[in-house]
Amino acid sequence: MKLKWAVSVLGLMLSMVLCCGCIAEEKTDTEELRVGVLVYNQDDLFIQSVRDELDECFRKTEREESCRITVSFFDSMGSQLTQNEQIDTFIENGYDVLCVNLVDRTDAATIIDKGKSANVPIVFFNREPVSADLERWDRIYYVGTDAAEGGKLQGEIFLDYYEKHRETVDKNGDGVIQYVLLEGEPGHQDAAIRTESCIKRIKEGGAGMERLAGANANWKLNQGKEKMEAWLQEFGDEIEAVISNNDAMALGALDALGKQKWSKIQAAVIGLDGIEEARIAIQEKRMIGTVINDAEGQAEAIVKLALQLGRGEPPKNIPGMEKRVVRLPYELLTQ
Ligand code: GAL
């Protein structure tokens with residue numbers, strides 16, 4: 001999976017020119033659809049899984065719909081400016097529909113206006129444009145989740161674990177959980193909201209919570225690991241829980257815990273996304289659980305929308321769609 005993803009940017013650009021992003025090998029006499037997909041940063045582990053699912057789903061749709069679908073993926077490498085230019089390239093090359101994972105979710109207006117003036121519809125995903133931007137045109141859609149629900153489910157996993165393992169979790173027996181918090185990017189809808197609703201749910205469940213420290217680790221494993229290493233230096237065995245807005249940062253914390261100098265520091269670590277490495281860590285009881293961010297369901301909704309919009313049809317039969325926003329449900333995954 002990872003190898004597939006690790007295509008160089010140059011390769012991706014060549015794929016656009018040479019059209020090797022084409023899914024069909026032979027041209028059919030039926031219609032042809034050209035889809036441009038842009039991701040904010042291909043190093044993001046969850047986005048890699050969405051990208052893989054999209055690839056698979058476009059192939060499947062092509063077989064089922066007897067429609068030739070050309071899909072080209074671009075990595076915007078964390079730059080909104082780059083992404084805006086990539087949009088121009090797709091539009092100039094006559095693409096029918098764009099699927100966009102914004103770099104800066106508060107800065108969608110430029111892209112929307114470009115799409116609107118060329119009449120190329122856009123399906124945004126994962127990084128939610130602000131509602132004022134979504135109102136700019138009626139051929140733009142969003143596919144994502146409900147951040148508050150994700151955080152709440154994390155809280156439920158935590159409470160359940162705490163009830164069953166109270167003595168191991170509350171190491172100092174003071175009836176309060178001393179925790180550290182790994183947050184995603186500042187300004188991302190899935191960071192602050194997940195945190196808030198997770199902590200709220202745990203408190204509602206009756207567990208006392210004391211925050212020792214918290215920091216943005218931008219969804220990244222390495223940054224999660226660095227923050228955790230520093231907190232282990234500072235708080236050592238006082239840390240009873242690590243609450244992370246996603247799995248990658250939680251895995252970074254596990255790395256730090258595994259490499260600690262102190263012998264027996266244990267902490268209940270929880271993430272969100274359900275990426276492969278986290279599932280393994282849960283099976284091995286190194287993590288207490290995660291909340292599955294349904295990459296497959298999101299990809300299916302994006303592909304359905306792209307197909308219908310690209311064909312000029314008004315979208316229909318999209319599960320969970322309200323107005324032009326689709327929110328897929330989360331699921332729990334525990335030990
Ligand atoms: C979140 C996901 C994170 C990260 C982020 C990127 O929904 O949980 O792991 O991928 O999206 O926008």
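Cys57 is buried here, with a relative accessible area of 12% (buried means under 20% relative accessible area, exposed over 50%, and partly exposed in between, with a 1.4 Å probe and protein chains only). Cys67 is buried as well, at 2%. Still, the structure has 0 disulfides, a disulfide being a pair of cysteine sulfur atoms within 2.5 Å.

A quick word on the ground rules: this is a predicted model, where local features need pLDDT of at least 70, side-chain atom pairs count only at pLDDT 80 or more, and totals for chains, interfaces and linings use all residues. Residues are numbered from 1 along each chain as its sequence is written, and side-chain values use heavy atoms, with hydrogens and water left out.

**The chain as a whole**

- The protein chain comes to 13 helices and 13 strands; these are DSSP runs numbered from the N terminus, with helices being H or I of at least four residues and strands E of at least two.
- Of its 335 residues, 54% are buried.
- Take the contacts (heavy atoms within 4.5 Å) with a separation of 6 or more: 75% of them join residues 24 or more positions apart.

**Nonpolar cores**

- A nonpolar core is a set of buried Ala, Val, Leu, Ile, Met, Phe, Trp, Tyr and Cys residues joined through side-chain atoms within 4.5 Å.
- The largest one has 62 residues, and Leu54, Met228 and Ile239 have the most contacts inside it.
- Helix 13 gives this core its largest share, 9 residues.
- Met228 touches Val180, Ile239, Val242, Ala253, Ala256 and Leu257, if you skip residues up to four places away in sequence.
- There is also a second, separate core of 23 residues, with Leu153, Leu159, Cys198 and Leu272 among them.

**Empty space inside**

- Rolling a probe the size of a water molecule over the atoms shows where empty space is left.
- A search of the whole structure turns up 3 cavities of 30 Å³ or more. On a 1 Å grid over the protein atoms alone, a cavity is a set of points where a 1.4 Å probe fits but cannot get out, and lining residues have an atom within 4 Å of a point.
- The largest cavity has a volume of about 120 Å³, volume being the space filled by probe spheres set on the points, with grid points joined across faces, edges and corners.
- It is lined by 14 residues, and Asp44, Phe46, Asn126, His188 and Trp219 are the closest to its centre.
- Helix 3 (45-65) and helix 9 (189-204) each supply at least two residues of that lining.
- By type, the lining splits into 4 nonpolar, 4 polar and 6 charged residues. Here Ala, Val, Leu, Ile, Met, Phe, Trp, Tyr, Cys and Pro count as nonpolar, Asp, Glu, Lys and Arg as charged, and the others, Gly among them, as polar.

**A buried loop residue**

- Asn293 sits in the loop between strand 10 (289-292) and helix 13 (295-310), and at 4% relative accessibility it counts as buried.
- Leaving out neighbours within four places in sequence, Asn293 is in contact with Phe46, Thr145, Arg194, Leu272, Asp273, Gln298 and Tyr330.

- Most residues other than glycine have a negative phi.
- Ser66 is not a glycine, yet has a positive phi of about 40°. You'll find Ser66 in the loop between helix 3 and strand 2 (68-75), partly exposed at 44% relative accessibility.
- Asn218 isn't a glycine either, and its phi is positive at about 50°. Asn218 lies in the loop between strand 7 (208-216) and helix 10 (221-235), and is partly exposed at 23%.

Methods. 1 Å grid on protein atoms, 1.4 Å probe; cavity = no way out; pocket = protein on both sides within 12 Å on 5 of 7 lines; lining within 4 Å.
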